[in-house]
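Subject: Handing over the structure

Hello,

Here is the structure I promised to pass on to you. Please open it beside this email, so that you can look up each residue as you read.

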Amino acid sequence: MEAGKISGTAILPAGSTIPGREEVLGQAIPFDRARWLSLLPDSGWWPGELDACPIVAGRARVDRSTVFDISRRADTVEGRRHLLTAALVWGSGTKARSVARHARIFTSSSVSDIDAHLAAALGVLRQEGAIRAYFAFNNDDRIKFLGPAFFTKVLYFAGHDRPVGSWRPLILDSVVARSLRVADAEVKWPRGGWTTPRYSRYLSLAHDLAGEAGVLPDQVEAALFSHGRHLS
């Protein structure tokens, strides 16, 4: 079977096309640097790579590849801060309300608590893999206002290309869940608040499809996201 083509699965319609990896890595989101800098604990949370992002139609745009580059420093306190900021920036866009909502984590928890929970959850990711790290972020190492839609972005960028165990971490947000809610008839997929077993099921289904199609799992995630947008 040609890579990127599928014959029909539990989670994507037959005939769906899975995007190439370069297309996935190039997925770029506009952002407002000044808006974010006004909401961070201090300028030290801002990764310098974001200042080198290209300007398109008057807006800086950050792609997945850049956030992956930033994630390679996640073995230090500063690196984890930069990864968190970059994941939030990439996932939020430019709307003031969206940015302010996602930046609430910085006023709702102390810097020391955020640092401690990031270090603990990403340590679990490195040692035990994606499912245990999801559980950590969703329970003992929960950061207030950093829900699954965004902590899975942190896990994805930190671990997809350096996997531990059988499954690579993937982003699970409301758009991906919308695809799963329509296609996966065996379980109920809520709009948010997904449990660890739901995340485990998602990774299992996505990895099975990736193996069938001869692609990486984040290409399946991107296809699910695209399909979910059409369903809205």
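First, two points on how to read the values. This is a predicted model, in which local features need pLDDT of at least 70 and side-chain atom pairs count only at pLDDT 80 or more, while totals for chains, interfaces and linings use all residues. Residues are numbered from 1 along each chain as its sequence is written, and side-chain values use heavy atoms, with hydrogens and water left out.

The chain as a whole

The secondary structure of the protein chain comes to 12 helices and 3 strands, where helices (H or I, at least four residues) and strands (E, at least two) are DSSP runs numbered from the N terminus. The radius of gyration, which is taken over C-alpha atoms, is 17 Å for this chain, close to the 17 Å that the globule rule gives for 232 residues, so the chain is as compact as a globular protein of that length. The globule rule itself is 2.2 Å times the number of residues to the power 0.38. Along the principal axes, the C-alpha atoms fill a box of roughly 50 × 40 × 30 Å.

Of the 232 residues, 48% are buried; buried means under 20% relative accessible area, exposed means over 50%, and partly exposed lies in between, with a 1.4 Å probe and protein chains only. Among the contacts with a separation of 6 or more, 67% are between residues 24 or more positions apart, a contact being heavy atoms within 4.5 Å. The accessible surface comes to about 10400 Å², of which 49% belongs to carbon and sulfur atoms; such areas come from the Shrake-Rupley method with a 1.4 Å probe, and for residues only the protein chains shown count as cover.

Aromatic rings

The structure holds 10 aromatic pairs. Rings of Phe, Tyr and Trp (its six-membered ring) pair if their centres lie within 6.5 Å, and planes under 30 degrees apart count as stacked, over 60 as edge-to-face and the rest as tilted. One of the pairs is Trp45 with Phe106, whose ring centres are 5.4 Å apart and whose planes stand at 75°, so this pair is edge-to-face. It links distant parts of the chain, since Trp45 is in the loop between helix H2 (33-37) and strand S2 (55-56), and Phe106 is in helix H6 (residues 105-108), 61 residues apart. Trp45 is buried at a relative accessible area of 0%, and Phe106 is buried at 9%.

Trp90 and Phe157 also form an edge-to-face pair, with 5.4 Å from centre to centre and 90° between the planes. Trp90 lies in helix H4 (residues 77-92) and Phe157 in helix H9 (residues 148-159), so this pair ties together parts that are 67 residues apart in sequence. Here Trp90 is buried at 6%, and Phe157 is buried at 0%.

Ring pairs also link Tyr134, Phe137, Phe151, Tyr199 and Tyr202 into a cluster. Lys153 lies over the face of Phe150, at 4.4 Å from the ring centre; a charge sits over a ring if NZ of Lys or CZ of Arg is within 6 Å of the ring centre and within 35 degrees of the ring normal.

Helix H8

In helix H8 (residues 130-138), the buried residues are Ala130, Ala133, Tyr134, Ala136 and Phe137. They cover an arc of only 160° around the axis, which puts them on the same side of H8; the arc is that of the directions from the helix axis to the C-beta atoms. What covers these residues includes helix H7 (111-128), H9 and helix H11 (196-213).

Single residues

Ala57 has a positive phi of about 55° although it is not a glycine. Ala57 is placed in the loop between S2 and strand S3 (59-63), and is exposed at 81% relative accessibility. Phe145, another residue other than glycine, has a positive phi near 75°; Phe145 is in the loop between H8 and H9 and is partly exposed at 33%.

His102, in helix H5 (residues 96-102), is buried with a relative accessible area of 12%. Leaving out residues up to four places away in sequence, His102 touches Trp36, Leu88, Ser92 and Phe150.

Best wishes
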